[in-house]
Amino acid sequence: MSEITVTEAEQRRAQEQVLDVREDFEVADGMIPGALHIPMGQLTARLPELDRTRPVIVVCRSGNRSARVADALNGAGYAADTMAGGMLAWQRAGLPIR
């Protein structure tokens, strides 16, 4: 797993999968357009929703949960990176949310 910047995530999100692992109440404040929302606690049950052939950018609020999820995904055979600073950094950078 590597940690990527919000700028790198913005550049890569059209080709890769963005996985938002925050809770429902956190996502209510906005998500990266096109992101798939699977709360961290539901990931095991919903893993088939991810395309194993495409890289995954994992996002949470600040970067802690996403790093753990990216490690787990890499261990399960996915190519996953975590976005440094999470949605807090994304929003500070003025990047789009939906």
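I located Arg-22 in the loop between strand 2 (17-20) and helix 2 (24-27); helices (H or I, at least four residues) and strands (E, at least two) are DSSP runs numbered from the N terminus. I note that this is a predicted model, in which local features need pLDDT of at least 70 and side-chain atom pairs count only at pLDDT 80 or more, while totals for chains, interfaces and linings use all residues. Residues are numbered from 1 along each chain as its sequence is written, and side-chain values use heavy atoms, with hydrogens and water left out.

I looked up the accessibility of Arg-22: the residue counts as buried because its relative accessibility is 4%, the limit being under 20% (1.4 Å probe, protein chains only).

I then checked polar contacts (N or O pairs within 3.5 Å, one atom able to donate a hydrogen and the other to accept it; residues adjacent in sequence count only if both atoms are side-chain atoms). The side chain of Arg-22 makes one with the side chain of Asp-20 at 2.7 Å, and the Arg-22 side chain also reaches the backbone oxygen of Gly-30 at 2.7 Å.

I listed contacts (heavy atoms within 4.5 Å). Leaving out residues up to four places away in sequence, Arg-22 touches residues including Gly-30, His-37, Val-59, Cys-60 and Met-87.

I turned to nonpolar cores, sets of buried Ala, Val, Leu, Ile, Met, Phe, Trp, Tyr and Cys residues joined through side-chain atoms within 4.5 Å. The largest has 15 residues, with Val-59 and Trp-90 among those having the most contacts inside it. Helix 1 (6-12), strand 4 (56-59) and helix 5 (86-92) each give two or more residues to this core; helix 5 supplies the largest share, three residues. Apart from this core lies another, of 13 residues, among them Cys-60.

Notes: Buried means under 20% relative accessible area, exposed over 50%, partly exposed in between (1.4 Å probe, protein chains only).
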